[in-house]
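Here is a short briefing on one protein model. Keep the sequence and the 3D view open as you read.

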Amino acid sequence: IEGIVWVDTPVLDEANKAGGALILKHEERYGAKPNFQFWLAASYDRMMVTAQAMRTCSDNTTCLRDAFYTMGPYSGITGTFTFDDHGDVVGLGHAVFTIQDGNTVRIG
């Protein structure tokens, strides 16, 4: 498969203090690093953004929706992001990888 190119979620930067701590906490609890580090971090960020909105809105769903649309940039473990007018995440992208000399290498 040398030279194959694919698009995937970015690799979580373990040098990121919060990201490294989350991975370490997972490893301590389950005895291994998570297989899908980005999805672990994305789930964590999702819960933190939701908790932030719920502190203000409680169970008012209209308020919660509007809180996501109007929140400023959120700096989480996955990176810094916001939501657009349709509720889609803006600021986080995908990564492009290839196999070089038998190793996975990020190329974009």
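Predicted model: local features only at pLDDT ≥ 70, side-chain atom pairs only at ≥ 80, totals over all residues.

Helix α1 covers residues 17–30, and its axis comes within 11 Å of the axis of α2. The two axes cross at roughly 105 degrees. An angle from 65 to 115 degrees counts as roughly perpendicular, so α1 is roughly perpendicular to α2.

- From α1, the residues that make the contact are Leu22, Ile23 and His26.
- From α2, the contact is made by Gln37, Leu40, Ala41 and Tyr44.
- By class, the residues of this contact of α1 with α2 are 5 nonpolar and 2 polar, with no charged ones.

**The sheet**

- Three strands form an open sheet: its 3 strands come in the order β1-β5-β6.
- The pairing in this sheet is antiparallel.
- Why is one side of β1 and of β6 left without a neighbour in the sheet? Both strands stand at the edges and have a single partner strand each, so one side of each has no neighbour there.
- From one strand to the next, the twist averages 35 degrees.
- In a regular strand, side chains alternate between the two faces of the sheet.

- Strand β5 spans residues 95–100, and β6 spans 103–106.
- β5 and β6 run antiparallel and are joined by 4 bridges.
- Gln100 has Asn103 of β6 as its bridge partner.
- The two strands make a hairpin, with 2 residues between them.
- Look at Asp101 in the turn: its phi is positive, at about 55 degrees.

**The largest pocket**

- The volume of the largest pocket is about 350 Å³.
- The lining of this pocket has 18 residues, and those closest to its centre are Ala42, Arg46, Phe81, Val89 and Leu92.
- Which elements each supply at least two residues of this lining? They are α2 (37–57), α3 (61–70) and β3 (80–83).
- Helix α2 gives the most to the lining of the largest pocket, with 7 residues.
- The lining of the largest pocket holds 10 nonpolar, 6 polar and 2 charged residues.

**The second largest pocket**

- The second largest pocket has about 220 Å³ of space.
- Its lining has 14 residues, and Asp8, Thr9, Pro10, Val11 and Asn35 lie nearest the centre.
- Two or more residues of this lining come from β1 (5–8), and two or more from α2.
- Which element gives the most to the lining of the second largest pocket? It is α2, with 3 residues.
- By class, this lining has 9 nonpolar residues, 4 polar and 1 charged.

**A look at Phe83**

- Find Phe83 in strand β3.
- Phe83 and Thr70 are 13 residues apart in sequence. In space, their C-alpha atoms are 7.9 Å apart.
- Which residues is Phe83 in contact with, leaving aside its neighbours within four places in sequence? The contacts are Val49, Phe68, Tyr69, Met71, Asp88, Val89 and Val90.

Definitions and conventions: Residues numbered from 1 in each chain as written. Heavy atoms only, no water. 1 Å grid on protein atoms, 1.4 Å probe; cavity = no way out; pocket = protein on both sides within 12 Å on 5 of 7 lines; lining within 4 Å. Points joined across faces, edges and corners; volume = space filled by probe spheres on them. Nonpolar A, V, L, I, M, F, W, Y, C, P; charged D, E, K, R; others polar. Axes fitted to C-alpha atoms, helices over the stretch in contact; angles between N-to-C directions. Parallel < 35°, antiparallel > 145°, perpendicular 65-115°, else oblique. Contact = heavy atoms within 4.5 Å. Pairing = 2+ DSSP bridges.
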